[in-house]
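Here is a friendly note to read alongside the model. Please keep the sequence and the 3D view open as you go through the points.

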Amino acid sequence: MFCLVVMPYIKIKMEKLFHTFKEEDIDGYLTSTSDPLTRLKKTFLFVYPLVHMSWEGSALAYQMAYLFKKSDCHSPFVHLSGVKLSNLTRADMLNLMTKNETETQETTSGMNWLLEYSKKFLAVSAHGISQGLSVAVFFLQFLEWWYASENQESRIAVTSLPTPPPPSLSVEHDNGKFKSNICPICNRPLTNDTAISTSGYVFCYPCIYGYVKKHQCCPVTKYPTLHQHLIKLYLPD
């Protein structure tokens, strides 16, 4: 446990500590020679690369020796833990199969009831999942029909309104005359041109948005209008 867990952990921590001290040395924080901690850090920076190179060299040597079948271990950690690696022989495999068959026969009686209940549980679960999927598909189809009917009603409501006459260049209005490039609400040049699908008139977006929110109708024709009937226009420059 110490060789396989503790030593690799210590190695990782030492590497992180080395990189930290290296950054401090590069930044100029290890220039003082009177501080014992600073001297210890500089000594660590000098010694650790040598130790690290020796350890990695030994690890490479172990791997090469194991590759050419000159060693029973592929790592110094494995060697220190006393573990030897070897291939399974035919006799070993037969012994394992015999042992497994014996253990299986002993546990068969106790596993029969578990397998039986597992099959019943899986059957009930499969039935429940199939029923749940059927209900989910029906619910999704219902939602699709519901929203489709709402959109259809909205389109019918818009198309059932009478078509207003096209606006002329100069039209009488409550506030006086306005032209095609003038907003009928604020009597200023149009900004963010927005048309109403229920009447066809064009207004400034801020003006018509606030008007529809308050009155729910077209300012000119008084046709019922909602925010979904506003259509922004993108005119070429």
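The points below go from the overall layout to a helix and its strands, then to some backbone angles and the pockets.

1. **Before you start.** This is a predicted model, in which local features need pLDDT of at least 70 and side-chain atom pairs count only at pLDDT 80 or more, while totals for chains, interfaces and linings use all residues. Residues are numbered from 1 along each chain as its sequence is written, and side-chain values use heavy atoms, with hydrogens and water left out.

2. **The overall layout.** The protein has five helices and five strands. Helices (H or I, at least four residues) and strands (E, at least two) are DSSP runs, numbered from the N terminus. Reading from the N terminus, the order is α-α-α-α-β-β-β-β-α-β. Of the 237 residues, 18% count as buried; here buried means under 20% relative accessible area, exposed means over 50%, and partly exposed lies in between (1.4 Å probe, protein chains only). Among contacts (heavy atoms within 4.5 Å) between residues at least 6 apart in sequence, 35% join residues at least 24 apart.

3. **A helix with a buried side.** Which residues of α5 are buried? In this helix, residues 205-215, they are Ile208, Tyr211 and Val212. They sit on the same side of α5 because they cover an arc of only 95° around the axis, where the arc is that of the directions from the helix axis to the C-beta atoms. On the face turned away from the buried side you will find the exposed residues Pro206, Lys213 and Lys214.

4. **What the helix packs against.** The buried residues of α5 pack against β3 (193-196), β4 (202-204) and β5 (230-232). Take a look at β3, which is covered on both faces. Asp193 and Ala195 are buried on one side of β3, and Thr194 and Ile196 are buried on the other.

5. **How the strands pair.** Two strands pair if DSSP finds at least two bridges between them. β3 and β4 run antiparallel and are joined by three bridges, with Ala195 having Val202 of β4 as its bridge partner. β3 also pairs with β5, again in the antiparallel sense and over three bridges; there, Thr194 stands opposite Lys232. The hairpin of β3 and β4 has five residues between the strands, and in it Gly200 takes a positive phi near 90°.

6. **Backbone angles to check.** As background, most residues other than glycine have a negative phi. Asn187 is not a glycine, yet its phi is positive, about 55°. Asn187 is in the loop between β2 (176-178) and β3, and at 34% relative accessibility it counts as partly exposed. Lys222 also has a positive phi, near 65°; this residue lies in the loop between α5 and β5 and is partly exposed at 48% relative accessibility. Gln216, which follows α5, has a positive phi near 55°.

7. **The largest pocket.** A pocket is found on a 1 Å grid over the protein atoms alone: it is an open set of points with protein on both sides within 12 Å along at least five of seven lines, and lining residues have an atom within 4 Å of a point. The largest pocket has a volume of about 230 Å³; grid points are joined across faces, edges and corners, and a volume is the space filled by probe spheres set on the points. Its lining includes Met7, Met14, Phe44, Trp55 and Phe77. The elements giving two or more residues to this lining are α1 (2-26) and α2 (36-67), and α2 gives the most, with six. By class, the lining has nine nonpolar residues, one polar and one charged. For these classes, Ala, Val, Leu, Ile, Met, Phe, Trp, Tyr, Cys and Pro count as nonpolar, Asp, Glu, Lys and Arg as charged, and the others, Gly among them, as polar.

8. **The second largest pocket.** What lines the second largest pocket? Its lining is made of Tyr66, Lys69, Ser71, Asp72, Leu85, Ser86 and Asn87, and its volume is about 160 Å³. These residues divide into two nonpolar, three polar and two charged.

How values were computed. 1 Å grid on protein atoms, 1.4 Å probe; cavity = no way out; pocket = protein on both sides within 12 Å on 5 of 7 lines; lining within 4 Å.
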